[in-house]
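Me: Hi! Could you walk me through this structure? I'm still new to reading helices.
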There are 2 protein chains.
Amino acid sequence: MPNTQEVIVGIDMGGTSVRALVVSPANEILAVEKTATNPAAKPERIIADLAALVEDVLRAGSVKRQQLRAVSIGCPGAVDPVHGIVYHAPNLGWEKVALGPKLGKLLRTPVLVENDVNVGVTGEYALGAGQGAQELVGIFVGTGIGGGIISGGRLYQGARGAAGEVGHMIVQIDGPRCGCGNHGCIEALASRTALERDVRAAIRDGHKSMVLKLMKERGKDRMTSSIIQRALKKHDPVMLKVMKRAQYYLGVMVSNVVNLLDPDCVVIGGGIAERLGEEYVAPIRKTAYEHFLRRHDAERVKIVPGILGDNAGPLGAAVLARRRLERES
Amino acid sequence: MPNTQEVIVGIDMGGTSVRALVVSPANEILAVEKTATNPAAKPERIIADLAALVEDVLRAGSVKRQQLRAVSIGCPGAVDPVHGIVYHAPNLGWEKVALGPKLGKLLRTPVLVENDVNVGVTGEYALGAGQGAQELVGIFVGTGIGGGIISGGRLYQGARGAAGEVGHMIVQIDGPRCGCGNHGCIEALASRTALERDVRAAIRDGHKSMVLKLMKERGKDRMTSSIIQRALKKHDPVMLKVMKRAQYYLGVMVSNVVNLLDPDCVVIGGGIAERLGEEYVAPIRKTAYEHFLRRHDAERVKIVPGILGDNAGPLGAAVLARRRLERES
């Protein structure tokens, strides 16, 4: 049966790959396409590739061009959602790229742009682990740590549109140096990058670990989430210890966020959470609950792993776009 | 000229004193009364005293009983503003006291109850240092550290009504123990209580300081804000060092809050800020700016001392009451 409804294409632009979904008004996924990003390419080239990707995914979903209502893109970095500008995206090497207007002109369709973590949080809030929450904080742990806040059903943007940077919350003033230049940010203590740094340091210090062997076997030069999962499963002592400490730091950070914002739901997403699920989140939750200022009804604050995986971003982008278009129409 | 307009009595209940203002619809202060609190007294006694205080302050303002539209009280501790219940106020020794309904019955007037820091933040936002801000965070440094968040012109309450607890943000995981049981909360690092602990420890360790002498001269058994001011003015080396460190911690904490919430204004209130003003806030601001993730427009975030002093709470209580009554009418 051919599909005649209006659709939105939701896109998540990562540093290594781009994922596009065709999303129906009922938020069903009608098609998925994925391509590699080429960070060496100029913005114009990447924007042309995005236009081609949109055409491809529509074709894959047997959706006609005229059914496309909008394209909505989650971008890593600082964006101006009102004008569709990506003004600082180090992973893409972009500075002030008019992604929305340019891609919109190529496709002759409205193109919305939002920060990638904000769309991921919106996805988990609207369609994932955070459904039904009133006030939600989403925390995505990957090579970095990003976050977003939903309040009263909407993204909490802050005065400069910069709200939600949980990753650079300092929880250990004299802690290790972070990529941002500060010391003791949670990103420098508990991101995948920090875990790998600590595992390598322990190995250099003579502690026994299978992690480097696992990486070699699988041809990985980075300690990916799958390597972490494998090492934990095999009870690698270094991995167990490093992970336990990171979970403790994350629990303290979650408690800081809850003491400040009092959400009823905290969703922890990203690669590690996706692979390990409750095994990853349970110790974080335990530490967080122990540190809440208000402990008597701690369990009213749900702390849960994300459930949408790689689809959180593009689904959230589609949800946001539909909401913004409705507001404008 | 007799005053015939409707007024609100705004009250700030502290652990040691109660301050009541008669506030006109234009937010002029028509009269002020202050009494000592007696924490040994039962809630019923204190509530009867509050009723008498309201009558007194109305008399002092030459305001007739029938001009009183409402009483609005800021209370230290956890409150339920919807039902006017103070359900946990350790400073008063109160557990689940129906302050609003009980005082309302005595006075035959609506009585609104809110957390004391929330009313103080509302005061500075509406009538003080935070006027014109869009998104504001208020931080009150005293024997403890409290805070409140204003977003879109309203108090940000959170899902359980517990939002704004900046004082228990952990910035040094292995830091000194806090009254809440955790370690390294900003309250345990930079409150007046923490400053006094650190000054006394330095003196015990043999460092020269005039602080204990100043306290003795003025008959104080605590290191009050006026003692701190005096010691700084006299370049007391211990006080200078301890204060500098506390300001650094506060700057890091403010940066954590700004990275998360992106307000356009942070007001720092409480006794020390009131006495020292810019001298206190300037180093906090400097450290905060240096730690912002988004530094290129850091100065768009105003970080300023409160200007309303002891009137912030009762004025804010009056503002909140007027807003709530208008919404209901």
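Reply: Happy to. One definition to begin with: two residues are in contact if their C-beta atoms, placed from the backbone, lie within 7 Å. Also keep in mind that this is a predicted model.

Me: Okay. Which residues of helix α7 in chain A are buried?
Reply: Helix α7 of chain A runs over residues 225-233, and its buried residues are A:Ile227, A:Ile228 and A:Ala231.

Me: Where do they sit around the axis?
Reply: They cover an arc of only 100° around the axis, which puts them on the same side of α7(A). There is a general idea behind this: an α-helix has 3.6 residues a turn, so residues three or four places apart point the same way.

Me: And what covers the buried residues of α7(A)?
Reply: The cover includes four helices of chain A: α5 (192-204), α6 (211-217), α8 (237-261) and α9 (271-276).

Me: New topic. How do α8(A) and α10(A) pack?
Reply: Their axes are 7 Å apart, and the angle of packing is about 45°. Helix α10 of chain A covers residues 278-291. Angles under 35 degrees count as roughly parallel and 65 to 115 as roughly perpendicular, so α8(A) and α10(A) are oblique to each other.

Me: Is that crossing left-handed or right-handed?
Reply: The crossing of α8(A) and α10(A) is right-handed. Among the residues making the contact are A:Tyr248, A:Leu250 and A:Val254 of α8(A), along with A:Pro283, A:Ile284 and A:Ala288 of α10(A).

Me: What classes do the residues of that contact divide into?
Reply: The contact of α8(A) with α10(A) has 8 nonpolar, 5 polar and 2 charged residues.

Me: Let's look at chain B. At what angle do α8(B) and α10(B) pack?
Reply: About 45°, with the axes 7 Å apart. That makes α8(B) oblique to α10(B), and their crossing is right-handed. Residues that meet there include B:Lys244 and B:Gln247 in α8(B) and B:Lys286 and B:His291 in α10(B).

Me: How many residues does each chain put into the contact between chains A and B?
Reply: Chain A gives 32 residues and chain B gives 32 residues. On the side of chain B that touches chain A, α8(B) gives the most, with 6 residues.

Me: And how does that side of chain B divide by class?
Reply: The side of chain B that touches chain A has 15 nonpolar, 9 polar and 8 charged residues.

Notes:
Residues numbered from 1 in each chain as written. Chains lettered and ligands numbered in written order. Predicted model: local features only at pLDDT ≥ 70, side-chain atom pairs only at ≥ 80, totals over all residues. Buried ≥ 20, exposed ≤ 12 C-beta atoms within 10 Å, placed from the backbone. Helix = DSSP H or I, 4+ residues; strand = E, 2+ residues; numbered from the N terminus. Arc of directions from axis to C-beta. Axes fitted to C-alpha atoms, helices over the stretch in contact; angles between N-to-C directions. Parallel < 35°, antiparallel > 145°, perpendicular 65-115°, else oblique. Left-handed = near helix turned anticlockwise from the far one by under 90°. Nonpolar A, V, L, I, M, F, W, Y, C, P; charged D, E, K, R; others polar.
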